[in-house]
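Please read the following report alongside the sequence and the coordinates. It takes up strand pairing, a pocket, a surface patch and charged side-chain contacts in turn.

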Amino acid sequence: GIGGGAIVIITAGDHSSPLTPAMIAKGGIVALNVVSRWQITGKDWVNDLASPRYGEPLMWTMNGGEVGATPIHPSRVICFRGARLPAGHAVSLEESFWGDSRLLRVYTEVTRSDDTQAWFSALVRKAKLLRFGIPDLDSRDQESLNKRIAVIAEGESSLNAVLYRSGAGPNDPGEQIDDYQINWTGIPAMMDAFDQRVAAVADIPFTRLMGRSPAGMNATGQDDMDNWNRAVVSGQKLETRPCLEALDPFLLRSAGVDASKVTWAFAPLSVPTEKEQTDTFKVLMEVVEKVQNTGAIP
């Protein structure tokens, strides 16, 4: 989310030497340390297009610390990379390797949405203010103005009313006190428009990001959730699972477990309704019946 990070596999011995699962004995992993991309730096980046390690470093280095820079072999580093950068960006191999930050991609739009909410909140406060029209305002001294405003404030707080001097004729209109009027029409839609922009840039449906539809949970709500679930599944399969499968052999060896007997799957993102379960079971039984009729199975 912030542009990438890594899990560093720590074992006894030299961290700069290659590591394979076969080298891990039971309890061989000392620690799994999570670091951000800013804590680790690649060295000797591979530029050979024919190399299977093109665009990767030959060695990682942990930055800072009391012991200084610590070299770590790439076989000990499981990288979780950010969003891929478009081709043609004039960036370093390291920037291209880690990719773009999803957080910074949405930061500008989130800031605009927050500013909009703050401005409209200020309108709510402004709507309760009164406006005072005082004749000959520029010719009055500050002391008389302060006394007049104090009288108005006292009357409003104690009598729940506003006291002012009425006019004595057409040439003396007196004071005028008005409520501040705001036209609220369209403001909720405008606030939703900024939030929808955030949802679009974040690639998260509005119904998921805000917990509601812009106009209530309409007919597109379930479709939005289905699209979001498909996006999450895609990220699990294409981004997260390859990293975890690279880490699993080391974990299983350290736990003393036979890797060939272990399987795993991501938890489901939604629970089917009773009707969906019934429909699935019905279709499955129809398929089994047709397969049995072919004689392909006993």
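Which residue in E2 is the bridge partner of Ile7? The partner is Val34, and the pairing is set out below for a model that is predicted.

## Strand E1 and its neighbours

Strand E1, covering residues 4–11, is joined to strand E2 (residues 29–36) by 7 bridges, and the two run antiparallel. A further 5 bridges join E1 to strand E6 (residues 77–81), and this pair is antiparallel as well.

Because 8 of the 8 residues of E1 are buried, the strand is largely enclosed by the rest of the structure.

## The largest pocket

The largest pocket holds about 500 Å³ of space, and its lining consists of 21 residues, with Phe80, Arg81, Gly82, Leu238 and Glu239 lying nearest the centre. The elements that give two or more residues to this lining are E1, E6, helix H1 (93–98) and helix H6 (221–255). The largest share of the lining comes from H6, which gives 5 residues.

## A nonpolar patch that includes Phe281

Phe281, Leu284, Met285 and Val288 together make a nonpolar surface patch of about 350 Å². Phe281 is placed in helix H7, which spans residues 274–293. With a relative accessibility of 51%, Phe281 counts as exposed, because the cut-off for that class is over 50%.

## Salt bridges within helices

Side chains of opposite charge can pair when their charged atoms come close. A search of the whole structure finds 8 salt bridges. One of them links Lys275 and Asp279, whose closest N and O atoms are 3.0 Å apart; these two residues are 4 apart in helix H7, so about one helical turn separates them. Lys275 is exposed at 59% relative accessibility, whereas Asp279, at 34%, counts as partly exposed.

Why are Lys147 and Glu143 separated by about one helical turn? The reason is that they are 4 residues apart in helix H3, which runs over residues 142–158. Lys147 is exposed, with a relative accessible area of 52%, and Glu143 is exposed, with a relative accessible area of 51%.

Salt bridges also occur as a network, in which Glu109, Arg112 and Arg197 are linked.

Technical notes
Residues are numbered from 1 along each chain as its sequence is written. This is a predicted model: local features need pLDDT of at least 70, side-chain atom pairs count only at pLDDT 80 or more; totals for chains, interfaces and linings use all residues. Side-chain values use heavy atoms; hydrogens and water are left out. Buried means under 20% relative accessible area, exposed over 50%, partly exposed in between (1.4 Å probe, protein chains only). Two strands pair if DSSP finds at least two bridges between them. Patches are made of residues with over 30% relative accessible area and no salt bridge: like charges are joined within 9 Å, nonpolar side chains (Val, Leu, Ile, Met, Phe, Trp, Tyr) within 5 Å. Accessible areas come from the Shrake-Rupley method with a 1.4 Å probe; for residues, only the protein chains shown count as cover. A salt bridge is a side-chain nitrogen of Lys or Arg within 4 Å of a carboxyl oxygen of Asp or Glu. On a 1 Å grid over the protein atoms alone, a cavity is a set of points where a 1.4 Å probe fits but cannot get out, and a pocket is an open set with protein on both sides within 12 Å along at least five of seven lines; lining residues have an atom within 4 Å of a point. Grid points are joined across faces, edges and corners, and a volume is the space filled by probe spheres set on the points.
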